[in-house]
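Please walk through this structure strand by strand, beginning with the sheet and moving on to a few single residues.

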Amino acid sequence: MILIAGPCVIESKELVFEVAKRLVKFNENPKLDFYFKSSFDKANRTSISSFRGPGLEKGCEILADVKKEFGFKILTDIHESYQAAPVGEVADVLQIPAFLCRQTDLLVAAAKTKAVVNIKKGQFLAASAMKHSVKKVLETRGVSGDGYDVAKVNGVWLTERGSTFGYGNLVVDMRNLVMMREFAPVIFDATH
């Protein structure tokens, strides 16, 4: 079982390390495949004045320090294609935010790294539409075809985080978990 946990955004190295210390027990649990998640930049905040994080360079330094100190695998968001290569040197998983899940340049850049690409399903998409995002990553990595054996899909995950049913009404349709498993392993984001 995969468990992803950590502070949403890197507020400071001290806070990230404090949280990391409390998560060591999950990394030591042989039944869990643990990933430490924190973002160096939350570019999708509602307000332009909201705190976004320390930025690419400082954020990657902090995540690299967490990896070295605690032995955690690292997962973090990227929002721009130019971020994929440098972040992929530190992170084990590059997460594509839900509203960017169809952005070809971003998916291709992430696919060109050695990292797993975790694509969050857009709230505006049917689960079946995620096959196209998966296909962009797989074809960039040299895997072609219309039908993929999910057991053999390597390095692509999908994350279910809900669907919008009207304004401000985010609902998780559990059928999406089953439908998306046809294309890649599925993570359930219970925080939304």
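Two strands pair if DSSP finds at least two bridges between them. Helices (H or I, at least four residues) and strands (E, at least two) are DSSP runs, numbered from the N terminus. What is shown is a predicted model, in which local features need pLDDT of at least 70 and side-chain atom pairs count only at pLDDT 80 or more, while totals for chains, interfaces and linings use all residues. Residues are numbered from 1 along each chain as its sequence is written, and side-chain values use heavy atoms, with hydrogens and water left out.

The sheet comes first. It is open and has 7 strands in the order β1-β2-β3-β4-β5-β6-β9, with parallel pairing. β1 (2-5) and β9 (186-188) are at the edges; each has a single partner strand, so one side of each lacks a neighbour in the sheet. On average, neighbouring strands of this sheet are turned by 25° against each other, direction ignored. Here axes are lines fitted to C-alpha atoms, for helices over the stretch in contact, and angles run from 0 to 180 degrees between N-to-C directions.

Contact means heavy atoms within 4.5 Å. Helix α1 (residues 13-27) lies across β1 and β2 (33-37) and runs at about 170° to β2. Helix α2 (residues 56-70) packs on the sheet, where it touches β2 and β3, and its direction makes about 160° with that of β3.

Now follow the strands across the sheet. β2 and β3 run parallel and are joined by 3 bridges, and F36 stands opposite I74 in β3. Together β2, α2 and β3 make a right-handed β-α-β unit; a crossover is right-handed if, with the strands pointing away from the viewer, the path from the first strand over the helix to the second runs clockwise. Buried means under 20% relative accessible area, exposed over 50%, and partly exposed in between (1.4 Å probe, protein chains only). In β3, 4 of the 5 residues are buried, so this strand is largely enclosed by the rest of the structure.

Strand β3 (residues 73-77) is joined in turn to β4 by 3 bridges, again in parallel, with T76 opposite L94 in β4. In a regular strand the side chains alternate between the two faces of the sheet. In β4 (residues 93-96), V93 and Q95 point one way, L94 and I96 point the other way, and all are buried. β4 and strand β5 (residues 116-120) run parallel and are joined by 4 bridges. V93 stands opposite V116 in β5, and I96 stands opposite I119 in β5. From β4 the chain crosses through helix α4 (residues 104-111) to β5, in a right-handed β-α-β crossover.

β5 is covered on both faces: V116, N118 and K120 on one side, and V117 and I119 on the other, are all buried. With strand β6 (residues 156-160), β5 pairs in the parallel sense over 4 bridges, and the bridge partner of I119 in β6 is L158.

Which residues touch the most other members of the largest nonpolar core? A nonpolar core is a set of buried Ala, Val, Leu, Ile, Met, Phe, Trp, Tyr and Cys residues joined through side-chain atoms within 4.5 Å. Of the 43 residues in the largest one, F36, V66, F72, I78 and I119 touch the most other members. Apart from it lies another core, of 6 residues, including Y35, V116, W157 and I187. Not counting residues up to four places away in sequence, I119 touches several residues, among them I96, L107, M130, W157 and L158.

D77 has its place in strand β3 and is buried, with a relative accessible area of 3%. A polar contact is a pair of N or O atoms within 3.5 Å; within protein, one must be able to donate a hydrogen and the other to accept it, and residues adjacent in sequence count only if both atoms are side-chain atoms. The side chain of D77 makes such a contact with the side chain of K37 at 3.4 Å, and another, of 3.3 Å, joins the side chains of D77 and K42.

R45 is found in the loop between β2 and α2. R45 is partly exposed, with a relative accessible area of 32%, and its side chain reaches the backbone oxygen of F51 at 3.4 Å.
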